[in-house]
Structure formats: structure tokens, C-alpha cells
Amino acid sequence: MKILFAANLSTTAPDGSQGRKLSLDQMGHETVSFDAGIYTQKNWLLQSIDSFLVAAPNIERMNRDLLRVAREIRPDVFWADNLLILQPITLAFLQEMGIITVSYMATNPVGLRTDPRWRLSRECLPFFDLHVSQRDLGVVDYKLRGARNVAKVLVGYDPTIHFPSPVRLTDKDRTHDVSFVGTPSDDRAKTLVRLVDAGVAVTISGTKWTWERALGRPTMDRMYIGDGLYGDAYRAAIWGS
């Protein structure tokens, strides 16, 4: 099949999209990449405004360009991978062209996440032919919000990145007791603080301002060690914990 694969492929914070595209290629499908990352604002303040409003000229342009590419290549399937700025009208036009539409979303947009940036994702729920969720609860939530078909898949990994240390490590070789790499979504910050208060040495890697807002400066100074980790650095952090 020919698959139009739309994801944030050029961002500095990979979310597994590249690996899923590679898997589709290895299965023998013809995938055409559409990089939604180039439509992201470079200025962090403008990014925040876009995330809050989920309406901006660059978002409109992304949806127009996506439809233009779809008309040019006429794919069998449109695959939206963690794509938060897709508009329902875009999906309607794709389906008018006879294109099967699939959404892979690592996070449940109708669960605990209530911030405005998930608005378009929630509005798009009834329009996709198929949703792919990582959790049983996501399957239930999607169907309650009008999704037509939902499939649960297990979380995968990239064996070229995620593999055991070739050298056997013991605790004396490790640099961290407990490390967390990611964002303070949901109740993660409170959980990590409870661990620290219980005497566990915890280190956090992630976007500085999000953790400072979640923890407060004094608490953050006890735990935060640097920006998010990806690829080889992510694997090394796991080995060293």
C-alpha cells in the first residue's frame, strides 16, 4: 500500500514516529513522509500560544499542504502519528478522496489531559476510520467520544536504540539510583517528590520550565539535572540507573 505518513519528523524530541515509519517500510509498504514539524513555531512563546489556541496561520498552512500532497500522490492510507494540529475538515476531504485514515496517538486525548492543545484531537475522533491506542482505557474513552474503530497495540521499541548494555553492569557502575526522563504530566511530579521525601535519590531530565512550574524552584534544585534525553543518551541514562 501507499501510505502518507504525517508526523513531527524533524523535531528535536522524537516520539517514536520515525520508528513506526521504518517498520511500515520494512513491511513492504510505500510510505511518503509529511513532516509536520516544520510548521512548529521556533519561538517558545509563540509555541505556547499555538498550543493554547490550536489555531494559527502555520496550522492552517499545514492542513492545506497536507491536502495538496494527498491530491498529488493519491495514497491508499493516511497515517497521522501523534499529530495534534490536524483539522476535522482535512480528514473529511481525505475521505472524500477514498483514502483510509488512521490515527496513532501515544497519549489519550480524552483522558486526564484537559489542556487546550488536545482540542483538535478530540474534535477529530469521529472522523478517523481507525484509531490506535496503547491502553485499554483509551479504547473505551475513544468509543465513548464517537470513534468508529479502535485497536489496542502494545508499546513497541526500536532494537537499534533500546538494547541491554554489552558490558554487564552492577550497582557500583551506575551513576543514578532512580532517574526519570520525560514531562511532569498527570501526577508524575507528586509521585517523584514522594520518592525523594522517602529518602530515594531521584534525578529528572526534561524540559526545564515545565518541571520548574510543576515542582517549584527549591524542590527542582534537589532533583533536576538537565534537558530531555533521546537516542543514545536516553539508553545510557537507563543503563546508568
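Which residues of helix H7 are buried? I will start there and work outwards to the rest of the chain.

What we have is a predicted model, in which local features need pLDDT of at least 70 and side-chain atom pairs count only at pLDDT 80 or more, while totals for chains, interfaces and linings use all residues. Residues are numbered from 1 along each chain as its sequence is written, and side-chain values use heavy atoms, with hydrogens and water left out.

In H7, which covers residues 188-197, the buried residues are Ala189, Leu192 and Val196, where buried stands for under 20% relative accessible area, exposed for over 50% and partly exposed for what lies in between, with a 1.4 Å probe and protein chains only. Helices (H or I, at least four residues) and strands (E, at least two) are DSSP runs, numbered from the N terminus. Viewed down the helix axis, the buried residues of H7 fall within an arc of 70°, so they line one face of the helix; the arc is taken over the directions from the helix axis to the C-beta atoms. As a general point, an α-helix has 3.6 residues a turn, so residues three or four places apart point the same way. On the other side of H7, Lys190, Arg194 and Asp197 are exposed. The buried residues pack against strands S7 (178-181) and S8 (202-205) and against helices H8 (208-215) and H9 (217-223), a contact being heavy atoms within 4.5 Å. After H7 comes Gly199, with a positive phi near 100°.

Leaving aside neighbours within four places in sequence, Leu83 is in contact with Ala6, Ala36, Met62, Phe78, Met105 and Ser121.

Leu83 also belongs to the lining of the largest cavity, as do Met105 and Ser121. A cavity here is a set of points, on a 1 Å grid over the protein atoms alone, where a 1.4 Å probe fits but cannot get out, and lining residues have an atom within 4 Å of a point. Helix H5 (residues 119-124) gives the most to its lining, with three residues.

Two backbone positions deserve a comment, given that most residues other than glycine have a negative phi. Arg74, in the loop between H3 and S3, has a positive phi of about 50° although it is not a glycine, and Arg74 is partly exposed at 48% relative accessible area. Asn82, in the loop between S3 and H4, likewise has a positive phi of about 50°, but Asn82 is buried, at 9%.

Finally, the chain as a whole: its secondary structure comes to 10 helices and nine strands, and 39% of its 241 residues count as buried. Among contacts between residues at least 6 apart in sequence, 60% join residues at least 24 apart.

Notes. 1 Å grid on protein atoms, 1.4 Å probe; cavity = no way out; pocket = protein on both sides within 12 Å on 5 of 7 lines; lining within 4 Å.
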